[in-house]
Amino acid sequence: MKVKLLTTISFLTYQLSISQTEKLLYGKVLSQNNILSNVEVINKTAKTSSRTNEFGEFSILAKEQDSLLFFSKDYLFTRLKLTLKDLQKSYLIVEMTPKAEELENVTVSRSVFNKNDIQKIANNKEKINEIKNRKQFDEVTSKVTVYDGRIKNGLNFSYPIFDKPKKKIEPLDDRFKKLVIASCPPDFFINNLKIKPEEKEIFLKFCIADPKSNTLLEKSNNFELIDFLYTKNEEFKKLE
């Protein structure tokens with residue numbers, strides 16, 4: 001009986017020591033069986049970070065109940081609350097979901113003529129003759145080749161008169177940060193959102209992971225931006 005009791009106590013002590021001690025956690029980030037490189041891995045609890053290499057692998061110090069955040073611009077933000085089982089694994093696999101592509105313009109086309117239009121044309125001889133003449137004209141012009149001054153089988157050279165400067169596209173992260181800085185007072189994060197200075201960068205990345213941040217960049221509205229930051233702050237606090 002004493003032996004069993006000692007064994008149980010030793011096991012519980014071992015489990016407790018693992019849960020309270022930081023461990024170098026190794027893992028890999030995937031999406032639909034594809035490895036993801038350059039994914040930012042943040043231990044929100046310990047305020048440390050790492051990145052995945054070209055093989056999608058990462059390593060970071062962590063302990064039980066730590067919150068790990070995974071950021072990549074083309075994928076949905078992923079959060080993982082570490083359990084004792086996660087720490088006992090030799091290798092942790094994290095799956096990320098691609099962001100859905102938004103279609104800017106969708107055009108739906110249908111036939112120009114409806115049933116009533118066709119009936120009107122069928123009873124109008126003048127309209128029928130006009131359509132026939134138009135069809136004959138199209139058939140004739142389609143067979144005529146117009147000389148455009150170019151030499152057949154000649155070499156085609158084109159030289160730009162002026163080199164147009166390439167427009168530099170600023171990363172989404174930087175654009176959103178600049179928008180927030182320009183729209184919010186300097187003490188907004190500390191006094192209003194109650195966010196510590198060392199958490200500000202992580203919080204902004206958390207906001208950028210939401211597709212709505214891109215919408216706010218397109219239509220800059222201070223009221224919508226402030227409301228968005230308050231909403232994300234509530235979600236951010238729940239990650240603890």
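## Pocket, bridge and helix packing: worked exercises

The second largest pocket has a volume of about 370 Å³. Keep in mind that this is a predicted model.

**Exercise 1.** Work out which residues and elements line the second largest pocket.

*Solution.* Start at the middle: of the 16 lining residues, Arg 51, Phe 71, Ser 72, Lys 73 and Asp 173 sit closest to the pocket's centre. Next, look at the elements: strand 6 (67–72), helix 5 (172–183) and helix 7 each give the lining at least two residues. Finally, sort the lining by class, and you get seven charged, six nonpolar and three polar residues.

**Exercise 2.** Find the salt-bridge partner of Arg 51 and say what the pair ties together.

*Solution.* Searching the whole structure turns up eight salt bridges. In one of them, Arg 51 pairs with Glu 40, with the closest N and O atoms 3.6 Å apart. Now place the two: Glu 40 is in strand 3 (residues 40–43) and Arg 51 in strand 4 (residues 48–51), so the bridge links parts eleven residues apart in sequence.

**Exercise 3.** Describe how helix 7 packs against helix 9.

*Solution.* Take the geometry of helix 7 (residues 200–208) and helix 9 (residues 222–237): their axes are 10 Å apart, at an angle of about 110°. Angles of 65 to 115 degrees count as roughly perpendicular, so that's the label for this pair. Then pick out who touches: helix 7 brings Ile 202, Phe 203, Phe 206 and Cys 207, while helix 9 brings residues including Phe 228, Leu 229 and Phe 236. By class, the contact has seven nonpolar, two charged and one polar residue.

Key
Residues numbered from 1 in each chain as written. Predicted model: local features only at pLDDT ≥ 70, side-chain atom pairs only at ≥ 80, totals over all residues. Heavy atoms only, no water. Axes fitted to C-alpha atoms, helices over the stretch in contact; angles between N-to-C directions. Helix = DSSP H or I, 4+ residues; strand = E, 2+ residues; numbered from the N terminus. Parallel < 35°, antiparallel > 145°, perpendicular 65-115°, else oblique. Contact = heavy atoms within 4.5 Å. Nonpolar A, V, L, I, M, F, W, Y, C, P; charged D, E, K, R; others polar. 1 Å grid on protein atoms, 1.4 Å probe; cavity = no way out; pocket = protein on both sides within 12 Å on 5 of 7 lines; lining within 4 Å. Points joined across faces, edges and corners; volume = space filled by probe spheres on them. Salt bridge = Lys/Arg side-chain N within 4 Å of Asp/Glu carboxyl O.
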